[in-house]
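Open your viewer and get ready to click along. We will begin with the whole chain and then pick out a few residues.

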Amino acid sequence: MPLNTIEPSKRIFLSVEEVAQLFGLSKKTVYRLLDRGLLRSSNAVRHKMILKASVDEFVAKTVLRSEEHTSELQSQSTISYAVFCLKK
């Protein structure tokens, strides 16, 4: 069965183009993520194939970091507001 007929959710690997479409990024940006080690791929074939688990990990890590950053900013703004009120 050709690879492109299997539903992406049932595959272990995704192509660079599929990951780019999934994230709404360019293929060049996906290659940068690979170079930075943020996504893992296999070089067993002619084209880079990205582990679907790696994509899931990347999403989980970036969402978690985003939520932590938002929480940190909220607590900093609360402290800043409290200090502002005390100075009045």
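Start with the cartoon view: the chain has 3 helices and 3 strands, where helices (H or I, at least four residues) and strands (E, at least two) are DSSP runs numbered from the N terminus. Follow the chain from the N terminus and the elements run β-α-α-β-β-α.

A word on what you are seeing: this is a predicted model, in which local features need pLDDT of at least 70, side-chain atom pairs count only at pLDDT 80 or more, and totals for chains, interfaces and linings use all residues. Residues are numbered from 1 along each chain as its sequence is written, and side-chain values use heavy atoms, with hydrogens and water left out.

Next, select Leu14, Val16, Val19, Ala20, Val30, Leu33, Leu34, Leu39, Ile50, Val55 and Phe58. These 11 residues form the largest nonpolar core, meaning a set of buried Ala, Val, Leu, Ile, Met, Phe, Trp, Tyr and Cys residues joined through side-chain atoms within 4.5 Å. Buried means under 20% relative accessible area (1.4 Å probe, protein chains only). Colour α1 (16–23), α2 (27–35) and α3 (52–87): these elements each give two or more residues to this core.

Stay with Ala20. What does Ala20 touch, not counting residues up to four places away in sequence? Look for Leu25, Ser26, Lys27 and Val30; a contact here means heavy atoms within 4.5 Å.

Now go to Arg11, in the segment before β1 (13–15). Arg11 counts as buried because its relative accessibility is 8%. Show its side chain: a polar contact (a pair of N or O atoms within 3.5 Å, one able to donate a hydrogen and the other to accept it; residues adjacent in sequence count only if both atoms are side-chain atoms) links the side chain of Arg11 to the side chain of Glu18 at 2.7 Å.

How values were computed:
Buried means under 20% relative accessible area, exposed over 50%, partly exposed in between (1.4 Å probe, protein chains only).
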